[in-house]
Structures are given as C-alpha cells and as structure tokens.
Protein chains: 2
Amino acid sequence: MDKRQITLKSIAKALNLSPSTVSRAMKDHPAISAKTKALVREYAEKYKYKPNTLAIRLRTNRNNTIGVIVPEVVHFFFSTVLAGIQEETEKGNYNIIFCHSNEDYEREVKSVETLLDARVCGILASQSKTTASFEHFQEIVDSNIALVFFDRICTGINTDKVVVDDYAGAFKAVDYLVQTGCRQIAFLGMNPSLPISNNRRMGYEDALRKNKIPVDKDFMKVCDVAEMVHKVVPEILKRDKIPDAFFCINDEVAAYCVQIVKASGYRIPEDISICGFTNSYITEVTDPTLTTVDQHGFEMGKQAARLLINRIEGTETKPGIVSKVIKTELVVRDSTR
Amino acid sequence: MDKRQITLKSIAKALNLSPSTVSRAMKDHPAISAKTKALVREYAEKYKYKPNTLAIRLRTNRNNTIGVIVPEVVHFFFSTVLAGIQEETEKGNYNIIFCHSNEDYEREVKSVETLLDARVCGILASQSKTTASFEHFQEIVDSNIALVFFDRICTGINTDKVVVDDYAGAFKAVDYLVQTGCRQIAFLGMNPSLPISNNRRMGYEDALRKNKIPVDKDFMKVCDVAEMVHKVVPEILKRDKIPDAFFCINDEVAAYCVQIVKASGYRIPEDISICGFTNSYITEVTDPTLTTVDQHGFEMGKQAARLLINRIEGTETKPGIVSKVIKTELVVRDSTR
C-alpha cells in the first residue's frame, strides 16, 4: 500500500470501522472505546497517517496564519519570545499576526475575537495580569482552533503549555545570594494571581528555608513596575533593619532598584546585592551590570510555536496535555557579591 | 431633509448627476471634472454626508480590523507608537493586529499578504531598514485599502504619512551640545536608505555649520546596534583626535556608548557628552542618566491611527496626501555638560 495514500477512509476500510469512528478515535472522542482508539492509533502510526491539512483548512475555513496574544510589547522577554515564534513559524511556512492585550482583560477578550475573525489556524497566548475569567480561551478550544499557552499559563483551560521553570530559577538565584554572604534578602514580586509570580515566590522562600533563613513577610513586596520601585524601595531603605540583597521579579525593577540604592548612598554589591529576572539587554547597560536569571525566551517561543504547528498538522497526537518546561540559567554579573 | 438620510443617491438626485459620478467625484477620480467634484463636495459637506461604513465593509469584504506593520518590537519607540495606535483604534471601535517585519524585506512583503488575507480595512506601516522595493505597499493602495505610513515612510508610494521632525530634533540636540562647549561631535548614525537617517544626519550637519564647526566625515559612522557600538566606539577612542561628544541615532546605542566611554577612563559629561534619541526608559537607568530627543511615539501612533480611521470612514476627504509632523523635544539629563 502506498503510504502517501493513507486516509481516514482507508484506515476505516482496513479496520472494518466507519470513517467517522476513525476520525473520532483520532481525536480521542469520549464516545469511542479505549480498545478501538488503540487499534486506530496503532494502525495510523504503522502506516504513517497524516491528516490532510489543506482539507482541514478548507473545511474549517482557516488560513495558514497563527495568531499570538502577548500581554506586553515593551517587555524584552516577550519580544524575545516573539522572535522565537517567528523563526519557528517561518520554518513551517506559517504567517503570524500579533495582538497586544496590554495587561488588560477586555483587550485580551477582544484579541481572541479579532484572531478568530481573521480566521487563524492556531493561537499562542500568554495571559494578562488582570485576567480572572477564561471563557474567551475556552471559546478557542471549542472552535477547534489549536491553542498553546506560553509563560503565563491559564490553569483553568485544558490545553498545551510551555513554561519556564520559574521556581528553579528563583531558587538558584536566591541560593546564590545566600552563598555569597547575603542574609536579609528582600523580594520585589508580582501580583500573585499568575502562576509565574507564585512559582518565583516559592523558589525564593524555599531557598531561604534550605539555608535555614527565616522567611520574613516584611521583606516581601508586590513591586513589579517602575513607579512602584520608586515608592517601595525608599521605604524599605528607611527601616531599622535594611536588606543586604534585593531579588527582583524582572530586570526593569532591578535596574531602577540599582539606581535608588546607589542614590541612597549604598554600594552595590558591597553593601547590597541586586538580582533581576529575564536577562534583557538593560542588564548590560546599568552600572554595575546586573546579575539575572535568563529565561531563554527565544527557546520558549520556538518550542511553543513548534508544539502548536504539530497540533495543527496533526503530528503531535498525544491526546492529553503536553507541558514543556524551559530551563532557566543564572547569569552572574557585577551587581551581586 | 433629515441629515442622517444623506446618501450617494440623494446627492445624485439633488445635483442631477448619476450616483456613480457622485461616488467617483467623492473619490477624486480623474475622469470627473474639477467643477463637478467641487459641486459634489460642497453639497456633501453642507449636508454632512457620511459614507455607510458597514456597506463599504460588506462590499469590500473587509472587517473592522486595522493591521499594523512594525519593523522592530524590542524597540521602545515602536512600542510606544503601538500604544498610541491602540488607544486611538479602541476609541474608534476598531481592532488591531500587528505584523513584525524584523527589519526584513521578505517578512514585510509577507506581512502585507497576511494582513490583506486577514481582510483588514486599513494598514499602518513603518518600513524595514532593508526594504528597497515597494510593490507590496502599492498593492495595498491598489486594493483600495487605506494605508498610512508612520515614522519610516516610503517616499515612493503616494499615501498619507505621519513623521517626526527628525531634522529639527537632531539640530536642536547637536546645537545644545555646541552651546554647552562641545566642538568635536561624533555622529553614530544609521543606514542612509531611510529618510529618518538622512534627516537626522542633515540636522547634525546643519547644526555644526550654523556654529561654524567643520563637518568631519571621520566623525560620522553607521553604528545603530549594540554589536556595532562595541566595534566602532573603541576605534574612535583610540585615535589621536577623540570626540568631546557623541550624538547617537538611538538610546540603545547611547547606553552602550556610555558604558564603553566610562570603561575607557573618560568622565561623562566632563570629558565626553553623550546624547541619545527616542527617550526610552533606559535613559533613566544608565549612569549617568541620558540626555535624549523625545520623539513622542505615543502621539505619533494616535495621529497615524486617527488619520487612517478618517480615511476608512471617509471623514478625511482631502484628495491629496496628508502629511503630519510630530514635534520632538530635547530632554536634558546628566550625560551632557
């Protein structure tokens, strides 16, 4: 049998099933028995069945454009993710269009509508900070459009995801601060509604615990944008007990923190160490340059796009959710002892 | 007569013309006499004629989505332009999708195709550095899709544009450097294929001439990304005659320049002044903070989007090209004397 000729129909004929049973078995439909599913998959794998993507596109009236929803564009990390997405989608001959939610729930909902309206064949999304309701993402899944979350995942939706090991990244960074002599490590964190915030906070707390340093809630602040740094850091520096290190949720916060700490007369890193998160290019232009956690955004973008394309083209047939984790890396520069 | 009822047909009836003549007169069609055009416009203005945008959308099979093509997303300036575009399009109840050319001609061509395929009703575009052929932009115009260029305009295409007064911005900055005592001002510029590069270079040259300082080609380098700064600036600093100021094409170049100049043992601004262009947030986190030219990207984005929407809705009826210029502003910080 010519392998290129394998279709749902020929599988159905060979196994003595109806084409719709085969189709539903391939899609892990609950109405099909586990035995039939196994039979169909085994046969499809053996004969290297590939769904006819052009037919799918025609049937679903979708084009070969992938839509991407990002919460922030000025953000270096998301820019590098976009670059990775772009490289991978080009390799796969897909076009991409972006929507920008600007950390706003309403805009995120509108972005989903816009992308569905533009007839995209798949969506890559990273959730905004203010999103607490997920129907719009469910609508994508219900429309049979492939959906992959990256970085800021939505735990309420049953779909593929690519995340950074935020926990391990934070743990490594804080452990390094302790190993280099810091004992009073402040954490400038983010709204706990996003899993990434919690994971980094837990990494921070566990690194302290591992080193037998008590977790002090007074040293943990929500402080993730420039305006907050200008308010929060001077307050912390006015206390009787001041930190000997700041672990910051992103590089922008760390860069402003460097400035305020220096302006208050402290030496970096001799008096106070400062560590960021992302490894954006501003870590190279601050004085001193910034120690940070590299999130490998480019790699994340590539992997998320590859996973989505595999779903669109049917080459990723795992019925459950695929979760990929990108490893972080501590990049030591001059802002830490 | 109820003003809300004004249609092409009622104008035609009132002026004893055919509806297609009225329609073509509104669109400044060459086959219609100047007298008839004036007659139609006068009447349309008097009775506040508004084209039926829904009908236009149905007829042209377009939705209410505006497409935006940007050359760079990591770029602070373009991010602020996008924010301005977003604010204005939301006010007008339009959705937006972005395409990213990544300074690459092929991707720019593909972006145009993708946006046309997504049935956008208008396009805002800023050209990539490598674009030297313009058929893809002409295709937008030929498809009767409204097109407005912003910042990096394409002089070969006859369409509306919003630009920054790069010439005046550069002139002011360099004149300020001279007024504060600098005489040997190096220019770290950009590929001259884009009008913005030439305009800034001319502003630089004319400010020197106005102050009777000879223009020295040895002090003018193409140097617009980090890697080039690391190569070009050390070379300049090794010469017998070194500059007492650097005027840089963007803030990123200026930030790396600050670092290299300091590492070479010079004081900023006492020995060497440094000035950037854009007013991005990195100007606040370098040490010293950076003097720069604010391009008002947000305002540019708003004006470009407004102009496009007015074209889409037919409220901007000027037959020729509308060119808007956004004023720049010198922001003096600590990197200049």
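The legends below describe close-up views of a predicted model.

Residues are numbered from 1 along each chain as its sequence is written, and chains are lettered from A, with ligands numbered from 1, in the order in which they are written. In this predicted model, local features need pLDDT of at least 70 and side-chain atom pairs count only at pLDDT 80 or more, while totals for chains, interfaces and linings use all residues; side-chain values use heavy atoms, with hydrogens and water left out.

**Figure 1. Overview of chain A.** The secondary structure of chain A consists of 13 helices and 12 strands; these are DSSP runs numbered from the N terminus, with helices being H or I of at least four residues and strands E of at least two. Along the principal axes, the C-alpha atoms of chain A fill a box of roughly 80 × 40 × 35 Å. Of the 337 residues in chain A, 54% are buried; buried means under 20% relative accessible area, exposed over 50%, and partly exposed in between, with a 1.4 Å probe and protein chains only. Among the contacts in chain A between residues at least 6 apart in sequence, 72% join residues at least 24 apart, a contact being heavy atoms within 4.5 Å.

**Figure 2. Packing of helices H6 and H7 in chain A.** Two packed helices are described by the angle between their axes and the distance between the axes. For helix H6 (residues 105–117) and helix H7 (residues 135–142) of chain A, the angle is about 15° and the axes are 9 Å apart; axes are lines fitted to C-alpha atoms, for helices over the stretch in contact, and angles run from 0 to 180 degrees between N-to-C directions. H6(A) is therefore roughly parallel to H7(A), a term for angles under 35 degrees, with over 145 roughly antiparallel, 65 to 115 roughly perpendicular and the rest oblique. The crossing of H6(A) and H7(A) is left-handed, in that the near helix is turned anticlockwise from the far one by less than a right angle; clockwise would be right-handed. H6(A) contributes Tyr105(A), Glu108(A), Val109(A), Val112(A) and Leu116(A) to the contact, and H7(A) contributes Glu135(A), His136(A), Phe137(A), Glu139(A) and Ile140(A). By class, the contact has 6 nonpolar, 1 polar and 3 charged residues; Ala, Val, Leu, Ile, Met, Phe, Trp, Tyr, Cys and Pro count as nonpolar, Asp, Glu, Lys and Arg as charged, and the others, Gly among them, as polar.

**Figure 3. Buried face of helix H2 in chain A.** In helix H2 (residues 19–26) of chain A, the buried residues are Thr21(A), Val22(A), Ser23(A) and Ala25(A). These buried residues of H2(A) pack against helix H1 (8–15) and helix H3 (34–46) of chain A.

**Figure 4. Parallel sheet of chain A.** An open sheet of 4 strands in chain A has the order S7-S6-S8-S9, with parallel pairing; two strands pair if DSSP finds at least two bridges between them. Strand S7 (220–222) and S9 of chain A are the edge strands, each pairing on one side only. Strand S8 (residues 245–248) of chain A is joined to S9(A) by 3 bridges, and Phe247(A) stands opposite Cys275(A) in S9(A). Helix H10 (residues 226–237) of chain A lies across strand S6 (185–189), S7 and S8 of chain A and runs at about 160° to S7(A).

**Figure 5. Parallel sheet of chain B.** In chain B, 4 strands form an open sheet in the order S7-S6-S8-S9, and the pairing is parallel. Neighbouring strands of this sheet are turned by 15° against each other on average, direction ignored. Helix H8 (residues 166–179) of chain B packs on the sheet and touches S6, strand S8 (245–248) and S9 of chain B, its direction making about 170° with that of S8(B). Strand S6 (residues 185–189) of chain B pairs with S7(B) in the parallel sense over 3 bridges, and Phe187(B) stands opposite Met220(B) in S7(B).

**Figure 6. Backbone geometry in loops.** Most residues other than glycine have a negative phi, and most peptide bonds are trans. A cis peptide bond, with omega about 5°, joins Ile268(A) and Pro269(A); Pro269(A) is in the loop between helix H11 (251–263) and strand S9 (273–275) of chain A. Asp151(A) has a positive phi near 60° and is buried at 3% relative accessibility. Asn102(B) has a positive phi near 55° and is partly exposed, with a relative accessible area of 37%.
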